[in-house]
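Hi everyone, thanks for coming. I'd like to walk you through a structure that may be new to you, so please have a look at it with me.

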Amino acid sequence: MARPPIARSYLFAPGDNAHLLVKVRSAGADAVVLDLEGGVAPERKEEAREAVREIVEERSRHLTGDARADGAHLAAPQPAIWVRINTLSSTFWRDDVAAIVHPGLAGVRVPRAEDTRLLDELDATLRRLESKRGLPTGSTRVACTVESALGVLHAPRIAEHRRTFHLCFGAGDFAADIGADPTDPMATLYAESTLVISSRAAGIEAPIGPAWTHLDDFEGFARSTARLRHLGFFGRSAIHPSQLDTIHEAFTPTAEDVVQARGILATLDANAERHSDRHFVDEAIARRARRVLELAGQLELDL
């Protein structure tokens with residue numbers, strides 16, 4: 001399965017808001033998350049599901065060269081489309097995935113991930129849909145959002161699940177679950193570190209940072225985003241386009257990052273030629289250096 005483009009930002013939009021579903025795709029985010037869960041009332045689930053299905057199918061036609069010639073909003077570079085489905089303990093999620101699993105879908109975001117047995121059920125359902133719709137088995141990526149104490153305790157197993165592409169952190173819900181102050185970074189540090197370590201140990205992508213709800217606190221948002229990067233996260237969820245520049249700045253390689261990455265790989269190549277480990281660079285460090293250069297190339301940085 002081809003590696004997807006690297007995403008720094010994941011901009012949310014409720015699936016039942018037609019205006020935002022259009023606007024969010026041209027806001028400049030690397031990826032969008034079209035929401036069928038928390039932002040949609042139960043009586044509007046079907047309406048939201050149908051609207052999101054149409055968007056994913058439209059993207060599918062675009063990818064296969066069958067898009068309408070007058071699709072002006074498809075002319076610009078398009079963000080990857082993720083869809084947040086309803087919880088796997090609900091009665092809604094099966095209809096959600098039945099509607100959205102098409103070639104234009106980047107992946108499914110699962111809220112309140114806690115139980116790998118439910119992930120097994122999701123995996124089996126996705127396999128049937130992939131087979132039915134001509135998609136490679138296992139090609140539908142799954143992002144598991146950890147937002148409870150139980151989810152944190154089970155994070156290593158969730159990260160190891162065959163369908164998990166990356167973990168996401170729901171800081172607000174987690175803090176509420178444990179009765180902590182969500183504005184205190186120490187309240188979430190253990191959980192954040194657990195997600196980073198679990199992801200690394202399982203060999204999956206770095207976890208995605210949580211949304212920031214204080215839209216008028218730009219300084220706090222910038223500090224929080226930088227902190228997440230330093231902890232080992234890569235990328236962050238957003239609820240407003242005004243947050244995108246801060247996220248992109250935090251997760252875009254600097255000139256110094258690129259120079260350092262090139263130096264690491266040059267040292268690795270030189271050591272390989274000399275069959276020497278005197279200046280040993282382990283594979284984890286090399287992998288990170290390659291990722292920096294991959295991102296710089298994807299973003300067409302002139303560095």
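Let's start at Thr 194: setting aside neighbours up to four places along the sequence, this residue is in contact with Val 152 and Ala 155. Thr 194 sits in helix α8. Is Thr 194 buried or exposed? Its relative accessible area is 12%, and anything under 20% counts as buried, so Thr 194 is buried. Please keep in mind that what you see is a predicted model.

Now let's step back to the whole chain. The protein chain has 12 helices and 7 strands. Of its 303 residues, 45% count as buried. The chain exposes about 15200 Å², and carbon and sulfur atoms supply 53% of that area. How do the contacts run along the sequence? If we take contacts between residues at least 6 apart, 70% of them join residues at least 24 apart.

The largest nonpolar core has 54 residues. Which of these touch the most other members? They are Leu 34, Val 83, Ile 85, Val 97, Ile 100, Val 101 and Leu 122. Let's zoom in on Val 97. Beyond its neighbours within four places in sequence, Val 97 is in contact with Ile 85 and Leu 122, and also with Thr 125, Leu 126, Leu 129 and Arg 133.

Arg 112 is not a glycine, and yet it has a positive phi of about 45°. You will find Arg 112 in the loop between β4 (107–110) and α4 (116–132). With a relative accessibility of 38%, Arg 112 counts as partly exposed.

Let's turn to the empty spaces. Rolling a probe the size of a water molecule over the atoms shows where empty space is left. I'll take the second largest pocket, which holds about 870 Å³ of space. Its lining is made of 35 residues, and those nearest its centre are Ala 171, Gly 172, Pro 210, Ala 211 and Trp 212. Elements giving two or more residues to this lining are β6 (164–169), α7 (171–178), α8 (185–202), α9 (218–231) and β7 (236–238). Which element gives the most? That is α9, with 5 residues. By class, the pocket lining has 12 nonpolar, 11 polar and 12 charged residues.

Leu 215 lies in the loop between α8 and α9. With a relative accessible area of 35%, Leu 215 is partly exposed. Not counting residues up to four places away in sequence, Leu 215 touches Ile 239, His 240 and Gln 243. Leu 215 and Gln 243 are 28 residues apart along the chain, and their C-alpha atoms are separated by 8.0 Å.

Notes:
Residues numbered from 1 in each chain as written. Predicted model: local features only at pLDDT ≥ 70, side-chain atom pairs only at ≥ 80, totals over all residues. Heavy atoms only, no water. 1 Å grid on protein atoms, 1.4 Å probe; cavity = no way out; pocket = protein on both sides within 12 Å on 5 of 7 lines; lining within 4 Å. Points joined across faces, edges and corners; volume = space filled by probe spheres on them. Helix = DSSP H or I, 4+ residues; strand = E, 2+ residues; numbered from the N terminus. Nonpolar A, V, L, I, M, F, W, Y, C, P; charged D, E, K, R; others polar. Buried < 20%, exposed > 50% of the residue type's maximum accessible area, 1.4 Å probe, protein only. Contact = heavy atoms within 4.5 Å. Areas by Shrake-Rupley, 256 points an atom, 1.4 Å probe, with all protein chains shown as cover. Core = buried A, V, L, I, M, F, W, Y, C linked by side-chain atoms within 4.5 Å.
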